[in-house]
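Student: I have a model open and want to go through how it is put together. Can we start with the core?

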Amino acid sequence: MKLLSTLFIAVLLAACSGSGSQQKENATEAGELNVYSTRHYEADKLLHEKFTNETGIKINLVRAGADELLSRLEIEGENSPADVFITVDAMKLNRAKEKGLLQAVNAQTSNPSKFVEEENYWYAIAYRARVIAYDKDDVDVSELTTYEDLADEKWAGKILIRSSGSSYNQSLLSSIIHANGPDAAKEWAAGIVKNMAREPKGGDRDQIKAIASGVGEVAIVNTYYVGLLLNSDNEEEVNAGKKVGIYFPNQDGRGGHINIGGIGVAKNAPNKENAIKFIEFLTNEESQKFYASNSYEYPVNSNVGPDPSIAAWGEFKIDNLDYAKKTDLNEEAIKIFEEVGWN
Ligand SMILES: [Fe+2]
């Protein structure tokens with residue numbers, strides 16, 4: 001009887017001690033991980049499943065755009081069930097840190113220092129370069145040099161690039177503002193608009209397909225989309241991928257622009273230990289090989305190389321991520337896009 005009443009009190013105490021919302025109580029169940037992610041790739045889905053199989057930790061995924069997830073984290077505050085925030089842009093990761101939405105953690109990874117936030121607020125899990133894809137039949141590669149040069153009138157009617165709503169383009173323009181100043185960046189954006197082969201439409205793969213069908217000659221795209229085309233089951237996509245050469249711009253200067261796919265632990269993560277395990281899992285050699293050969297991104301683990309279809313383009317100099325620490329540049333980039341009429 002004494003044992004029973006002690007048990008009863010213990011249960012009662014446990015029930016009263018939870019002060020967060022119902023949502024938070026559910027989220028703190030043992031063996032779970034609540035992932036807020038912008039990434040929409042099959043590779044991620046398969047890796048999440050593998051993580052669950054290996055650890056028994058169940059993943060609850062919330063998928064949305066970066067700004068939406070950041071607002072959600074802010075609104076949820078202390079009651080947020082989120083354990084990790086994953087996105088594909090260093091600026092957004094830094095913004096999450098600035099807003100106090102992340103916490104520094106010590107994860108054991110083989111990431112080189114450039115792929116870990118300087119105070120350990122986030123870890124890169126993969127990266128992709130924003131490069132120039134060109135029509136191998138019509139463009140003499142010796143004509144290509146820099147992103148800046150694509151604004152020259154010699155490219156009139158030849159440039160293909162997606163809309164300015166893309167965070168990839170916002171980041172690229174931010175890096176150009178950082179490198180050359182706002183006036184030069186605006187002039188560049190206006191020059192690109194003038195040289196466009198058509199109004200921006202579709203994703204990066206559509207720009208490459210447009211080269212294949214003769215709409216334009218030069219596109220600014222992320223490398224992994226070319227990898228996805230080259231390794232597609234669809235013959236037409238493979239042919240479009242084969243039609244283009246890949247050129248890494250600005251190699252004599254600051255280097256080519258990259259996007260970082262990265263993960264940070266949420267400030268109020270209910271399952272912090274699981275979150276750290278997840279970071280270590282995503283950056284380990286096996287997962288990095290998996291990313292390389294499924295999403296065709298560049299691995300961040302120095303012991304793993306890119307997929308052969310990507311490695312064939314050779315190595316390249318990377319622009320550093322200093323621009324991404326100045327997160328206000330993102331708004332400045334959006335303003336410039338509006339001013340020059342880049343839809
Ligand atoms: Fe993408």
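Tutor: The largest nonpolar core has 91 residues, and Val84, Phe85, Ala133 and Ile208 touch the most other members. A nonpolar core here is a set of buried Ala, Val, Leu, Ile, Met, Phe, Trp, Tyr and Cys residues joined through C-beta atoms within 7 Å. Buried means 20 or more other C-beta atoms within 10 Å of a residue's own, exposed means 12 or fewer, and partly exposed is in between, with C-beta atoms placed from the backbone.

Student: Before I trust that, what kind of model is this, and how are residues numbered?

Tutor: It is a predicted model, in which local features need pLDDT of at least 70 and side-chain atom pairs count only at pLDDT 80 or more, while totals for chains, interfaces and linings use all residues. Residues are numbered from 1 along each chain as its sequence is written.

Student: How is the chain divided into domains?

Tutor: Domain 1 is 31–127 + 258–311 and domain 2 is 128–257 + 317–340. The bounds come from an automatic or database domain assignment. The C-alpha centres of the two domains lie 26 Å apart.

Student: How many residues does the contact take from each?

Tutor: Domain 1 supplies 18 residues and domain 2 supplies 23 residues. On the side of domain 1 that touches domain 2, the elements giving two or more residues are helix H5 (90–98), strand E9 (257–266) and helix H13 (308–311). H5 gives the most, with 5 residues. Helices (H or I, at least four residues) and strands (E, at least two) are DSSP runs, numbered from the N terminus.

Student: How do the residues on that side of domain 1 divide into nonpolar, polar and charged?

Tutor: There are 9 nonpolar, 4 polar and 5 charged. Ala, Val, Leu, Ile, Met, Phe, Trp, Tyr, Cys and Pro count as nonpolar, Asp, Glu, Lys and Arg as charged, and the others, Gly among them, as polar.

Student: New topic, helix H6. Is H6 mostly covered or mostly uncovered?

Tutor: Mostly covered: 12 of its 14 residues are buried. The buried ones include Tyr168, Leu172, Leu173 and Ile176.

Student: What does leucine 173 contact, leaving aside neighbours within four places in sequence?

Tutor: Ala185, Ala189, Ala333, Ile336 and Phe337. Leucine 173 lies in H6 and counts as buried because 27 other C-beta atoms are within 10 Å. Leucine 173 and alanine 333 are 160 residues apart in sequence and 5.8 Å apart in space, C-alpha to C-alpha.

Student: Which residues of H14 are buried?

Tutor: Leu329, Asn330, Ala333, Ile336 and Phe337. Seen down the axis of H14 (residues 329–340), these buried residues fall within an arc of 120°, so they line one face of the helix. The arc is that of the directions from the helix axis to the C-beta atoms.

Student: Why would positions like that line up?

Tutor: An α-helix has 3.6 residues a turn, so residues three or four places apart point the same way.

Student: What do the buried residues of H14 pack against, and which exposed residues are on the face turned away?

Tutor: They pack against H5, H6 and helix H7 (182–195). The face turned away carries Glu331, Lys335, Glu338 and Glu339.

Technical notes:
Two residues are in contact if their C-beta atoms, placed from the backbone, lie within 7 Å. The expected span of a helix is 1.5 Å times one less than its number of residues.
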